[in-house]
Amino acid sequence: MATVEPGIARHYDISGLEQRILAALADTGVEIAHLRAGDLEAVDEFHIGGVAATRELIDRMGLKPGAELLDIGSGVGGPARFVANSIGADVTGIDLTQSYVDIATSLSKRTGLADKTRFVQGSALDMPFADASFDAAMILHVGMNLPDKPKLMSEAARVLRSGGVFAVYDVMRLKDGALTYPLPWASDETMSFVATPDDYRSAAVAAGFSVTAERPRGAFAVEFFATIRARMAAAQAEGRKPPPGVGLIMGEDARTKVANITAALEGGILAPVELLLRLG
């Protein structure tokens, strides 16, 4: 894994990203000096379905105020802030990319959530946390970069307390078929480790989890990207910048990445899938 991690971190590292995010929001009339967590939702939820997908996943987890939640692959902190803000959970995020950790920390400070969120740099496959540190965990569109699903599940099981819920929302392979790169999570096939729902389930059960729910979200994903493409096209036709969205985090080739993931979704090769797992 050590050989692919630096490349994956570089794939996500975009120079000046926080400044780009703030400038894009300022363009839409957001008061940056009085930034709220909700102002960031269009740009800090880097997964299919954005904040709507986060909300649905969190609703199914049954979290209580004060719960200690781990966000594995926390990116620039959107889902962590959403949970801290909406439920009052205490959220720890871990991410491979140091610049994401820095941006997540900064944005939480700007939105007044520094006391409810913290972010650390590290690998999902070797987490710097003690055993039984968290009540619950979530992973949103991160497993596609993790070659060892059994290790992901055993690490999640290790850091969770007995009875803890682990919510997975990853892009998974539903049938055979070639993928075209770049994709949102990978510049090329050397950093893409898309697996089947069965791979996730078997790894989870081996680590001591039971599968309590599973939901494919393919149609939801197709609709999400159709909306993004329509917004991009409308902005281009009118000669204006597209509205802020996940394209900011995807960088210069965002349009190509969106086209490639859309083709795989529409072909039924890939789909985001929700899994709810319970430890013990």
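Pro-216 is exposed, with a relative accessible area of 56%. In this predicted model, the residue belongs to strand 6 (residues 209-216). Beyond residues up to four places away in sequence, Pro-216 touches Pro-272 and Val-273. Asp-170 lies 46 residues from Pro-216 in sequence, and their C-alpha atoms are 9.9 Å apart.

Neighbours within four places in sequence aside, Glu-155 is in contact with Ala-124, Leu-125, Asp-126 and Met-127.

| Helix | Residue count | Expected span | End-to-end C-alpha distance |
|---|---|---|---|
| Helix 8 | 20 residues | 28 Å | 29 Å |

The buried residues of helix 5 are Tyr-100, Val-101, Ile-103, Ala-104, Leu-107 and Ser-108. They cover an arc of only 165 degrees around the axis, which puts them on the same side of helix 5. After helix 5 comes Gly-112, whose phi is positive, near 75 degrees.

Helix 8 also reaches a length close to the expected value. Its buried residues are Ala-221, Phe-224, Phe-225, Ile-228, Met-232 and Ala-235. Viewed down the axis of helix 8, these residues fall within an arc of 90 degrees, so they line one face of the helix. An α-helix has 3.6 residues a turn, so residues three or four places apart point the same way. The face turned away from the buried side of helix 8 carries the exposed residues Ala-219, Glu-223 and Ala-237. Helix 8 is followed by Gly-239, with a positive phi near 65 degrees.

The buried residues of helix 8 pack against helix 3 (50-61), helix 10 and strand 7 (270-279). Two packed helices are described by the angle between their axes and the distance between the axes. For helix 8 (residues 218-237) and helix 10 (residues 254-266), the angle is about 145 degrees and the axes are 10 Å apart. The crossing of helix 8 past helix 10 is left-handed. From helix 8, Ala-221, Val-222, Phe-225, Arg-229, Met-232 and Gln-236 take part in the contact, meeting Arg-255, Val-258, Ile-261, Thr-262, Leu-265 and Glu-266 of helix 10. By class, this contact has seven nonpolar, two polar and three charged residues.

Notes:
Residues numbered from 1 in each chain as written. Predicted model: local features only at pLDDT ≥ 70, side-chain atom pairs only at ≥ 80, totals over all residues. Heavy atoms only, no water. Axes fitted to C-alpha atoms, helices over the stretch in contact; angles between N-to-C directions. Helix = DSSP H or I, 4+ residues; strand = E, 2+ residues; numbered from the N terminus. Left-handed = near helix turned anticlockwise from the far one by under 90°. Contact = heavy atoms within 4.5 Å. Nonpolar A, V, L, I, M, F, W, Y, C, P; charged D, E, K, R; others polar. Buried < 20%, exposed > 50% of the residue type's maximum accessible area, 1.4 Å probe, protein only. Arc of directions from axis to C-beta. Expected span 1.5 Å × (residues − 1).
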